[in-house]
Amino acid sequence: MPTAHRLPRTAVIAAGLLLASTLTVTAHAAPEQAPAPAAPTAARAAADWSAPLSTRGRYIVDARGERFRLKAANWDGAQGSWTGSGSTDDPANHHAGQNAHDIPLGLDRVPVARLLADFRELGVNTVRLPFSNELIHRTAPVPDSAVTANPGLRGKTPLQVYDSVVDALSQAGFAVILNNHTNTSRWCCGIDGNERWNKAQSTGQWADDWVFMARRYASVPGVVGADLYNEVRRDVLDDPNWGLGDEHDWYAAAQTAGDRILAEANPRLLIVIEGINWTGLPVDGLPHGRPQLAPARTLSHTLVDSHKLVYSAHFYGYTGPRHSGATGIGETHDARYQDLSRDELNAALTDEAFFVEESGRHYTAPVWISEFGAGAGETNPATRAWFGNITDYFADHDADFAYWPLVGFDGHDDWALLRYDEGGRRSGLLDSGDWRATAWRHLMDTPGKSGPVAAAAVWKMLNTDHGDAVESLRVRGTGDWDPGARKAACPDGLRLIGLGSTGGRGLCTDTGTGDLRAADGTQSVVTDERFVSGGDWASGYTKFQCPSGAFLIGYSLRGERVSAALCAPARTAVAGGGRTVWFDRSDNRPADGAGGEFAQGAYKGQCGAGEYAAGIAFTTRFGARQGPAALLCRTLP
């Protein structure tokens, strides 16, 4: 969020730290935690895309397999605008003097239909729609004054108003991405009680709220994504982390919520996971910085649907790779993004976020820059240059993006693309004289990839660092196949192709063959050598080999020792020739390193792209590492 939005943050920081198928019906699923909204009306207006959305490599595609580029903006308000002190009834105590009443801004000034027409004129095709967890549970209606221009919304709770906005956006042909912005209805983002998803609630309660919201809008075709949480960051005492397995582990929390949404609520949704926004104390000489998506290089998410993950990051000119955005107290001597040269900024964008779009890696996914922006009244040449440079980068890289914010009050928030006075008169980017217009039009109009997107090989890692990693819904449906062990299974459609010798990590793919599994085949849990055939392919080692005609989709461990191999029957004959790939003393992988660094710090073994894994060998010798030591790799048909 922009400078004016962050002024409360900097002062407080300084003090504190120092589809299954295309749907055409818009009816809501029955709510469980709040009053039911009024029954939705007509079907969505025709649009030039078809829900649901999914991913192919670095691109988002629609139900027809055609590129859908997120040209988005943030319609905020429902996440809360109160700045945390004074009466909530006084607009002066709300961000930029704008009391949103916990609903999207502007409904007091402009009819929804006109707002959406203005959005369309901007060229926006997607709206990121923030909400708070507190909003979900509120039962009091919004004041009539909050919806003056939309009298049909009188008497509705904030969630019911949110419902109506979601329906209107969907019916008008916009894609909608729900964004859990805050726990409490308070302006974000600083030391404000909303630093983490579980700051004001448990991780379980947070995930429950997400399941509720995903179910609520499951039959609204325009709702295409769940953006799990906004700007995860340090509180006064503690940092968030990516993979430590504790209560502050954002990687694990996002994994849990994403899988629950897809498995329990709405399999159509994209799952948007933002990187970590800030760690450390913003003091010269002490460790601090903005990790963004960098941790995903060695620890990425594998969801139960391999085509639903989107990563995201935020960039503002006044912040920096190691600069919190503070001015005065709490400011460090680190460079802001707007201090960087064009080449330096491009390198930072690549290192912190856009590396994720590299093909053929376990972390490969679309990257959505879901917040960036600048004020219409900005006169700082560095900020203006940064805005031109970053929009050029987005245009040149055919990036998915979302501007912050979309709507504001005239005379209050000049960052908004569209501003409205009390009489509903519009000003902003669509008017002459807005210095941002040239960069915006360049970003919107520069041609990018369009039309059909070819299928890309999928690579996904399995991580049993702190528990199970069973990412196959078919396997989950069979129950606990090795009680007491840490279990891992590739998502449906993928096969196991690589393992680490220690640490319990694995690598899955569909390269070379697509989905290899038979449609009606049952899995086999192998715990002994009864299926070993074709000679002793790992002499002196215990071998868990799949039955004839089957291939590896998973494994289990007790400590470091292999406990079982999980095998599935192939849809076609798989009796190709075999070879042993040893990795107990060094890496043994294809030269191209396909899949990337999936088991950092461990020796790794990996079959070739034209092979499948049919067995795991390990030793039980006393004093020896008893983790995986070799794979039996066989040629694909």
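A residue counts as buried when its relative accessible area is under 20%. In this predicted model, Q292 has a relative accessible area of 0% and is therefore buried.

**Backbone geometry**

- Most residues other than glycine have a negative phi, and most peptide bonds are trans.
- Q292, which is not a glycine, has a positive phi of about 50°; this buried residue sits in the loop between β9 (288-289) and β10 (309-314).
- D398 also is not a glycine and has a positive phi, near 55°.
- The loop that holds D398 runs between α8 and β12, and D398 is buried because its relative accessible area is 9%, against a limit of 20%.
- The peptide bond between A51 and P52 is cis, with omega about 0°; P52 belongs to the loop between α1 (3-17) and β1 (54-56).
- W404 and P405 are likewise joined by a cis peptide bond, with omega about -15°; P405 is in the loop between β12 (400-403) and β13 (407-409).

**Packing of α4 and α5**

- Helix α4 (residues 158-171) and helix α5 (residues 203-216) cross at roughly 45°, and their axes come within 12 Å.
- The two helices are therefore oblique to each other, and the crossing of α4 with α5 is right-handed.
- On the α4 side the contact uses L159, Y162 and D163, which meet F212, M213 and R216 of α5.
- By class, the residues of this contact are four nonpolar and two charged, with no polar ones.

**Packing of α5 and α6**

- The axes of α5 and α6 cross at roughly 35° and come within 9 Å.
- α5 and α6 form a right-handed crossing.
- From α5, the contact residues are T203, G204, W206, A207, D208, W210, V211, A214 and R215.
- From α6, they are W250, A253, A257, R260, I261, E264 and A265.
- The contact of α5 with α6 comprises 10 nonpolar, two polar and four charged residues.

**Packing of α7 and α8**

- Helix α7 (residues 342-352) packs against helix α8 (residues 381-396) at an angle of about 50°, with the axes 10 Å apart.
- That angle makes α7 oblique to α8, and the crossing of α7 and α8 is right-handed.
- R342, L345, N346, L349 and T350 of α7 make the contact with W386, N389, I390, D392, Y393 and D396 of α8.
- Residues of the contact of α7 with α8 fall into five nonpolar, three polar and three charged.

**Nonpolar cores**

- The largest nonpolar core has 141 residues.
- Within this core, the residues with the most contacts are W75, L107, F119, L169, L228, W250 and F394.
- Helix α6 (residues 250-265) contributes the most to this core, with eight residues.
- Another core, of 22 residues, lies apart from the largest one, and V470, Y541, A614 and A629 are among its members.

- R571 is placed in the loop between β24 (561-569) and β25 (578-582).
- R571 counts as partly exposed because its relative accessibility is 45%.
- The C-alpha atoms of R571 and R517 are 5.3 Å apart, while the two residues are 54 residues apart in sequence.
- Leaving out residues up to four places away in sequence, R571 touches T513, D515, L516, R517 and A518.

How values were computed. Residues are numbered from 1 along each chain as its sequence is written. This is a predicted model: local features need pLDDT of at least 70, side-chain atom pairs count only at pLDDT 80 or more; totals for chains, interfaces and linings use all residues. Side-chain values use heavy atoms; hydrogens and water are left out. Axes are lines fitted to C-alpha atoms, for helices over the stretch in contact, and angles run from 0 to 180 degrees between N-to-C directions. Helices (H or I, at least four residues) and strands (E, at least two) are DSSP runs, numbered from the N terminus. Angles under 35 degrees count as roughly parallel, over 145 as roughly antiparallel, 65 to 115 as roughly perpendicular and the rest as oblique. A crossing is left-handed if the near helix is turned anticlockwise from the far one by less than a right angle, and right-handed if clockwise. Contact means heavy atoms within 4.5 Å. Ala, Val, Leu, Ile, Met, Phe, Trp, Tyr, Cys and Pro count as nonpolar, Asp, Glu, Lys and Arg as charged, and the others, Gly among them, as polar. A nonpolar core is a set of buried Ala, Val, Leu, Ile, Met, Phe, Trp, Tyr and Cys residues joined through side-chain atoms within 4.5 Å. Buried means under 20% relative accessible area, exposed over 50%, partly exposed in between (1.4 Å probe, protein chains only).
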